[in-house]
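Please examine the sequence and the model below before reading on.

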Amino acid sequence: MSEKLLVPDIGDFEEVEVIEVLVKPGDQLNINDPVITIESDKSSVEIPSTIAGKIEKLEVKVGDRVSKGNVILDIVSSGENKKNNLIPKDTESIIRQAEASMTEKKDEIKVAQQPTQKKEQSAIQVTNAKDTDPLETQDWLESLSAVISKDGNQRAHFLIKELINKAYREGANIPYTQNTPYINTIPPEAEVKSNGDQNIERRIRSLIRWNAAAMVVRANKKFPELGGHIGTFASAATLYDVGMNHFWRAKNNKFGGDLVYFQGHSAPGMYARAFLEGRLNEKQLDSFRQEVKSGGLSSYPHPWLMPKFWQFPTVSMGLGPMLAIYQARYMKYLINRGLIKDEGRKVWAFLGDGEMDEPESMGAIGLAAREKLDNLIFVINCNLQRLDGPVRGNGKIIQELEGSFRGAGWNVIKVIWGSYWDSLIANDKTGHLVKIMNETVDGEYQAMKARDGAYVREKFFGKYPETQELVSSLSDKDIWRLNRGGHDPHKVYAAYDKASKNQGSPTVIIAKTIKGYGMGKTGESVNTTHQTKKLDVDDLMYYRDRFDVPLTDEQVRNIEYFKPDDKSAEIKYLKERRLNLGGFLPERTTYAKPVKAPSKDIFEFMKVSTGEKEMSTTMALVRMFTNLLRDKNISPRLVPIIPDEARTFGMEGFFQKIGIYAHEGQKYEPEDAAQLSSYREDKSGQVLEEGINEAGAMSSWIAAATAYTNHDIEMIPIYIFYSMFGFQRIGDLAWAAGDSQARGFLIGATAGRTTLAGEGLQHQDGHSHLIASTIPNCVTYDPTFHYELAVIFREGMRRMHEKKENIFYYITTMNENYPHPEMPKDKNCEEGILKGMYKIKEFDKFKKTKIQLLGSGTILREMMAAAEVLQNEYQIDSEIWSVTSFNELRKDGMEVERYNLLNPEKEQKISFVEKCLGKSEGPIMAASDYMRMNSDQIRPYTNKSFYSLGTDGFGRSDTRKNLRKFFEVDKEHLVAYSLSVLAKEQLIASKYAKEAIKKYNIDGEKPMPTKL
Ligand SMILES: Cc1ncc(C[n+]2csc(CCOP(=O)(O)OP(=O)(O)O)c2C)c(N)n1
Ligand SMILES: [Mg+2]
């Protein structure tokens, strides 16, 4: 039966041009196969077929204008005309598996929730002045205890919830409680026990502690300027060791590996463990923080400096937590798209309690809960101190974090007290002990650990007679031994076990520790702990004794490392544990297969002239994506990342075409469901639509850009953002991306201080290229024409994803519409585009006076227009150079200059700038839509007179024309400035310049735009 395929609802657009016809009569069509591409002045979008069958006749051709309801083609339908929900086959089976395992696990939970035969637990009865009827209170509490023991926790929760609901309905004003008491979340009887050998684990941990401290002390003895930290790892050693011995599975040929973000300045501990494991030797430990010579160990986790060891750069506080959240989210994205298997891998992130004050640390915790990231575990090392002093002297950081994370929907596990406290808490019949625990502020907790048992007895237990009595049979030494949860391997194990099994939400383990644990008077719990990097002999002896390190006094004085024999029980145990867990950690490897760069054909359409048709480079980019999505090899690897700007960039067509990733699919019919560019969310969606969240979007990009190492799959992330909200907004993350050896594209759209008209000071970017240039492995381009973009993009794919170079690309695109010429036939053009400049046009009719005009981005077009005026009205010849990247030219110039200076006797090399301009005639004038410093960068690499123009100063909202006039980069200013330059060089009389200034109403008295 013949049917007609009609143009669907395309939103607000009417009479839209057909720019491509992708099918022909006789073709067999499947549902969703694209048939034509249409393009408005804002966006281009493919129209997919909603009918399967054989095409009889085409009713449209390229250049036609179509509106909703127009016939595109006639088709003989094959009958299967329902729109499929296109989840890839492998994804479908993965989802089915995951769902099946979820039901199994649910059953397990049910079993676990059966009332357990718990030992009789006395209710904690906190004496409370507000309790007007303690007997009644007791009745209620006993009833609750009875429910818990008879029907289990879930029933108790249910009843409490019902009570609260009832109270609300009755009008009772129930205060919001975000906290639980200041005790461990897991009661002792619910703790899962470790099957490890605790004695041997303690001995191993002591050796790691010693070697970590020794490494820092030795380095600083040799070179006091090196720095380092002892106190942080000292507080976190148990937290790491339990993970290393029992939980963290390494990557190997059978398993993808857990991903662990180590707290940056606890790096010495990781090196010390690697030393015992035989992965690092003494010589390497002795080159801690001396990585200038090869083999040195980097101060912090820096994949750039130790590419086979560190996976994640974390030391800039706040980046670790955010990157870890998006890493976990990205892992789920890859699973839901069917690109990796769901192996139950986890992302663990170790964070400092001081670090949690960074806005980035907590900024994405809502997303983690919303996305149900049960593959994510935060461990916050609450040693109550940061660098200067207490994190919350007058408050309680653990409670504060608990409230925030609970409020956000996380599974919170507090590990506050060690096992020695268990019996005290169990015997706290009156509730006074927990009351003190709740009342004591962190400043007091810290001070107590800087003193001794007698002080704790007096200041803590001494607060109430009941608690004084509770510890009356304990000596001061016993009191001093009452340990904190984060130093107790049993408590830590139980918490990790529970966290690993949690489903449906991310987990945060909030562990209480002591900063500088074991460092004694000079370093334990004192405000200066953080920066302690030298220990005197007495401190070292104390440290040795505290952890029973088998070293003689002489060896301690020499600060010797200690590594037991390879056949010792300790080393065997340590290696065996890691063998069981699949290998060593951290370790950075990659087995990703390269992605072959797309064939040049894909870009061919960008090398021909657009004729009269005007388009922006942003639109050209979107067209290019549409084409890339047709390449079966490339398409699945593309990860478009957009922070709520798809419509700004004309990319809304991707919503329908490849879907927006949403882990729960789409639970609603979108308002615009009938439209071609409907907001389609999908479990296997490809677009990461991040909302107004540049830091999050960048974190997603980093996760995708390093998938080649973390997931062994090469992906091509393309993050498109408002260029002003790029590097200056997320500069630190971009720096971390460089360190991480990220590979992918960053696109600064709506770029250029004067090109983005109407928006104003906080929108108009005239410096992102300069910020980008600060990152050594970031390759940047500011192209003007669509063929430049095509050449740059393809080469980027080839270098990064085929040749696996550890670089990333920053390309600016603009929103100014103009026609694009065909690519010049000159065989050197492509090389020039990539190296940074090529001659695009020459005027040489008069052969009297010449000037070299360099333009970049949209300002190149102003320059070309100015050259025409100079030729036609002033008989001045010119060569016009399209500069695609001042940054790349500078890099080349620097390298060549350096070589020449270091090799004075050898034949001197010539920079690319010099190759282009060395033999040219006349002075050089360069301009871009960025600060003058952008073009100034190449000034040292030419021996000619060089003048640069640019958009220095704050932007402002106005028309493009007025902005260019204001910043003096419009055609008229460029003509006048060219004449002035020539006059200054004494190549023409100054009267021409003066006349031009007058003619174009240029006010010579106007202050610099930087002052306006
Ligand atoms: C963004 C940033 N600001 C400042 C620092 C310097 N710095 C390094 S560690 C530290 C204190 C960390 O305290 P905390 O997070 O509590 O970790 P702890 O050492 O106590 O475990 C500071 C201020 C940094 N690394 N990054
Ligand atoms: Mg701290």
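A backbone N or O atom of Gln 385 is placed 2.8 Å from an oxygen atom of ligand 1. Once in place, ligand 1 has 75% of its area buried by the protein, out of the 590 Å² that it exposes when taken alone. The model is a predicted one, and these values are computed from it.

Other polar atoms also approach ligand 1. His 265 brings a polar side-chain atom to 2.8 Å from an oxygen atom of the ligand, while a polar backbone atom of Val 315 lies 2.9 Å from one of its nitrogen atoms. The shell around ligand 1 comprises 18 residues, of which Thr 232, Gln 263, Asp 353, Gly 354 and Lys 515 come nearest.

The account now turns to a pair of strands. In a regular strand, side chains alternate between the two faces of the sheet. Strand 21 (residues 778–781) has Cys 778 and Thr 780 pointing one way and Val 779 and Tyr 781 the other, and all of them are buried. Strand 21 runs parallel to strand 22 (residues 808–812), and four bridges join the two. Within this pairing, Val 779 stands opposite Tyr 809 of strand 22.

Terms used. Residues are numbered from 1 along each chain as its sequence is written. Chains are lettered from A and ligands numbered from 1 in the order in which they are written. This is a predicted model: local features need pLDDT of at least 70, side-chain atom pairs count only at pLDDT 80 or more; totals for chains, interfaces and linings use all residues. Side-chain values use heavy atoms; hydrogens and water are left out. A residue is near a molecule or strand if one of its heavy atoms lies within 4 Å of it. A polar contact is a pair of N or O atoms within 3.5 Å; within protein, one must be able to donate a hydrogen and the other to accept it, and residues adjacent in sequence count only if both atoms are side-chain atoms. Accessible areas come from the Shrake-Rupley method with a 1.4 Å probe; for residues, only the protein chains shown count as cover. Buried means under 20% relative accessible area, exposed over 50%, partly exposed in between (1.4 Å probe, protein chains only). Two strands pair if DSSP finds at least two bridges between them.
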